[in-house]
Amino acid sequence: MRAPRGVAPAGRIALRFWESLAVVLVREMTADDVVGAEAVHRRAFAAQTGDPSFGEGSDVIRTRHASGNVAGFVAEDAGALVGSLLLTRWGTFGVLGPLSVDPSAQGRGVARLLLDRGIAELDSWELAASGLYTFADSPKHRHLYEGYGFVDRGPSHLWRRTPSLAGEYDVLPPDDLQARASYLWTLRQLTSSQLPGWDLTIEATSMLEQGLGSVVLPPRYRGLGFALCHVGAGSEAGPDACYVKAAVVHRHQSDVLLRALLEAVEAFAVDHGWARLEAGAPASRTTASRALLDSGWTPTGTGLAMTRPGDGGALGPDAGVLDDWR
Ligand SMILES: CC(C)(COP(=O)(O)OP(=O)(O)OC[C@H]1O[C@@H](n2cnc3c(N)ncnc32)[C@H](O)[C@@H]1OP(=O)(O)O)[C@@H](O)C(=O)NCCC(=O)NCCS
């Protein structure tokens with residue numbers, strides 16, 4: 001953990017720094033904060049990536065805040081919302097992010113305040129492991145997260161494919177609650193066999209209940225593979241896209257099953273007219289990376305995966321898993 005803070009440095013500039021910091025308040029995010037937090041999130045990432053249209057048409061803050069497995073915090077400076085942090089709980093695995101500070105408020109320790117609160121929350125969840133995705137080429141980001149015990153776990157790829165191959169697929173029936181419950185029970189068995197206690201069922205349920213997408217299943221291997229796919233504007237995918245936020249297959253023959261699942265996802269995208277397929281996963285998942293390459297996906301961007309040590313149960317290279325930590 002990082003060294004305790006609190007000793008104000010000497011000097012007038014430092015004093016001004018501490019005075020300005022004193023008015024920043026971190027508190028839990030409420031539904032009333034969502035619009036402001038989304039605006040700050042877009043401004044922060046647009047400035048960071050140099051892409052003024054960053055996040056247009058996709059909806060990350062509102063949709064995650066409405067999920068039962070997400071905790072959110074905001075930073076307020078004299079009543080104005082200047083930053084936010086979301087944390088997602090997938091059973092015994094936690095995902096930290098997105099973290100955003102308005103460009104006008106950066107460099108004043110706001111991210112530290114949000115992370116102090118967020119890490120305390122993560123610690124209270126008693127996780128087996130937690131991870132985050134960040135900018136690989138930014139010493140600032142690395143320094144920030146290392147201060148909270150996160151370590152470099154190597155590159156993490158973002159993958160894309162233009163869907164073209166029609167075929168067969170199934171989806172988890174959105175309205176048949178009994179069938180849904182039975183599939184979700186199977187999903188929990190699969191995730192837990194990859195990492196004890198790892199659980200995507202609340203994630204899947206929230207996605208379905210908010211109408212953000214579908215859980216796609218490979219028809220030949222029902223119950224052995226699941227892909228949580230956000231689709232279109234207003235979801236995390238954005239206009240015209242189908243985004244595999246997380247996917248898991250059975251441990252045995254995970255390479256074959258992953259390929260079958262990716263085929264089903266592509267068929268689902270073709271059938272619905274989505275123009276773009278997207279996914280993400282740490283590059284250390286060699287089985288998953290190989291299945292994506294063999295299925296015609298291309299790595300389009302590379303970030304950095306970081307996890308907190310002590311995560312003895314973390315997913316290994318053979319895990320039949322796609323999990324985007326953005
Ligand atoms: C990343 C981000 C959240 C940081 O917010 P911030 O409020 O400016 O950060 P803070 O002021 O709390 O802390 C920044 C830390 O990085 C350090 N830092 C700044 N520039 C640095 C550099 N070039 N190299 C190393 N460290 C650097 C600062 O000294 C500070 O560390 P310290 O507290 O030990 O002194 C903000 O820049 C942002 O929203 N960026 C766009 C979105 C984004 O990238 N989010 C995170 C994605 S993983």
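**Reading helices, domains and backbone angles**

Q: How many residues does helix H8 have, and what span should they cover?
A: A helix is a DSSP run of H or I with at least four residues, a strand is a run of E with at least two, and both are numbered from the N terminus. The expected span is 1.5 Å times one less than the number of residues. Helix H8 (residues 254-272) has 19 residues, which at 1.5 Å a residue should span 27 Å; its end C-alpha atoms are 27 Å apart, so the two values agree.

Q: On what basis should such values be read?
A: The model is predicted: local features need pLDDT of at least 70, side-chain atom pairs count only at pLDDT 80 or more, and totals for chains, interfaces and linings use all residues. Residues are numbered from 1 along each chain as its sequence is written.

Q: Which residues of H8 are buried, and against what do they pack?
A: A residue is buried if 20 or more other C-beta atoms lie within 10 Å of its own, exposed if 12 or fewer, and partly exposed in between, with C-beta atoms placed from the backbone. The buried residues of H8 include Leu 257, Leu 261, Val 265 and Phe 268. Two residues are in contact if their C-beta atoms, placed from the backbone, lie within 7 Å. The buried residues of H8 pack against strand E7 (170-171), strand E8 (213-217), E9, E10, strand E11 (276-282) and helix H9 (286-294). After H8 comes Gly 273, with a positive phi near 75°.

Q: Where do the buried and the exposed residues of helix H6 lie?
A: Tyr 183, Leu 184, Leu 187, Leu 190, Thr 191 and Gln 194 are the buried residues of H6. They cover an arc of only 115° around the axis, and therefore lie on the same side of H6; the arc is that of the directions from the helix axis to the C-beta atoms. Exposed on the other side of H6 are Gln 178, Ala 181, Trp 185 and Gln 189. The partners against which the buried residues of H6 pack are H7, strand E9 (225-231), strand E10 (241-249) and strand E13 (321-323).

Q: At what angle do the axes of H6 and H7 cross?
A: Axes are lines fitted to C-alpha atoms, for helices over the stretch in contact, and angles run from 0 to 180 degrees between N-to-C directions. The axes of helix H6 (residues 177-194) and helix H7 (residues 201-209) cross at roughly 140° and come within 9 Å. H6 contributes Leu 184, Leu 187 and Arg 188 to the contact, and H7 contributes Thr 201, Ala 204 and Thr 205.

Q: How is the protein divided into domains?
A: Domain bounds come from an automatic or database domain assignment. Here domain 1 covers 12-127, and domain 2 covers 160-304 + 311-323. Their contact takes 13 residues from domain 1 and 18 residues from domain 2. The centres of the two domains, taken over C-alpha atoms, are 27 Å apart.

Q: Which residues other than glycine have a positive phi, and where are they found?
A: Glu 126 has a phi near 50° and is found in the loop between helix H4 (110-124) and strand E5 (129-134). Glu 126 counts as exposed because it has 9 C-beta neighbours inside 10 Å. Asp 240 has a positive phi of about 70° and is found in the loop between E9 and E10. With 13 C-beta neighbours inside 10 Å, Asp 240 counts as partly exposed.

Q: Which residues does a cis peptide bond join?
A: The bond joins Gly 97 and Pro 98, with omega about 0°. Pro 98 is placed in strand E4 (residues 93-101).
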